Amino acid sequence: MAVNLVSKYSSQVDEVIRKGLLSTPGTNNDVEFGGAQTVTVYSMETAPLNDYNANSTTNRYGTPVELQDSTQEMKMTQQKSFTFTIDKTFEADSPEGVRNAGKALQRQIEQVIIPEIDRYRFAKLSEKAGTKSYGEITAENAYEAFIAANTAITDEEFPVENRVAFCSNGFIELLKKDSLHFTKATEIAQDRIVFKGMVGDCDGVAIIAVPKRRLPAGVSFIITHPMCAPAPVKLQEYKIHKDPPGIAGNLVEGLLYHDIFVFDKKKKAIAVQYGALGEIGVTIDSSEVSGNVILKAEGDLNGGTLVYKSGSSVTAPKLGDDISSWTEFENGGNVAAKSGDKLMVALKDSEGKCVALSEVNNITAG
């Protein structure tokens, strides 16, 4: 027997996800599903201004032009799934409720699904941001960096109302030291605290605290407006199968089909600040192939592409340095390096800039 939680518990599941997501205030649902893997977004163009001609007998306002619209089809790519079992004998031997399938599914949603959606959305917002800046953030320059990014958006004539800033907790701690410009949530009228994770206000922008692991590597904050990015969830399906063939107990399955897109004409309403190098840990196995090593990286890897550099000497780049010439590699795969070489791993963002870095590693013979 299968219990389809989408049909039976859809409102509860949707509520759990909606409340758990931190990225929701920076996105919208203004999309229409098209083909099997596409969503269609509509936008209207504007008309040019003319010089009014009071002496004209026909078109005093100018020659009418038909207002055009445009559509943008975007292909969805994020199809994520999971499955696990809870054996009936293990459940019987455990304290009551510990191995409950419903509770296990809720944990899966709260601890795996929700953080994954946030990580993906924040990475895409950062990748497509029209304004990017790099530089170490301190208590002395945190507010100035925030104002500079927010002003860049304002100068592009995007709405001030409803902007939100997704900030690392480290950045917020620095911002809090500037009591003149940062307003704590406890000092804001309660009807304005409408977002999950909102901890205050700066320059009229709602500040939402985001755990470091959900933000792209190196990011201190992202300022955006929900009109910039539709984030469709085309399908979410969660099931608990009781005693399916071959299993005594519960089989739990989940499927999530989602994505986020940034309008080209509105990406300048997104600003991202990279304020601290992410940290990368490296494991090197030089035992298998001569002249190559197996390279595994872990740590701050979200929102960029892994690259490495090896040789007799390697100079460490700084935050924001151009490392587009470094070699990309597949995590856990072979890379060219020989005994005696130095090797360093980095994460480059969409601009080819360094946002996370490992220590220099010495290659030894396998």
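**Aromatic pairs in a predicted model**

Phe171 belongs to helix α6, residues 169–176, while Phe221 sits in strand β11, residues 219–224, so that the pair, with its partners 50 residues apart, links distant parts of the chain.

Stepping back to the whole protein, we find 6 helices and 22 strands, and of its 366 residues 41% are buried. If we take the contacts between residues at least 6 apart in sequence, 74% of them join residues at least 24 apart. The accessible surface comes to about 19,600 Å², and carbon and sulfur atoms account for 48% of that.

Returning to the rings, the structure holds 9 aromatic pairs. One of them is formed by Phe82 and Tyr238, whose ring centres are 6.1 Å apart and whose planes meet at 25 degrees; because planes under 30 degrees apart count as stacked, this pair is stacked. Here too distant parts of the chain are linked, with Phe82 in strand β5, residues 78–87, and Tyr238 in strand β12, residues 233–242, 156 residues apart.

Are these two residues buried or exposed? Phe82 has a relative accessible area of 12% and is therefore buried, and Tyr238, with a value of 1%, is buried as well.

Definitions and conventions:
Residues numbered from 1 in each chain as written. Predicted model: local features only at pLDDT ≥ 70, side-chain atom pairs only at ≥ 80, totals over all residues. Heavy atoms only, no water. Helix = DSSP H or I, 4+ residues; strand = E, 2+ residues; numbered from the N terminus. Buried < 20%, exposed > 50% of the residue type's maximum accessible area, 1.4 Å probe, protein only. Contact = heavy atoms within 4.5 Å. Areas by Shrake-Rupley, 256 points an atom, 1.4 Å probe, with all protein chains shown as cover. Phe/Tyr/Trp six-rings, centres within 6.5 Å; stacked < 30°, edge-to-face > 60°.
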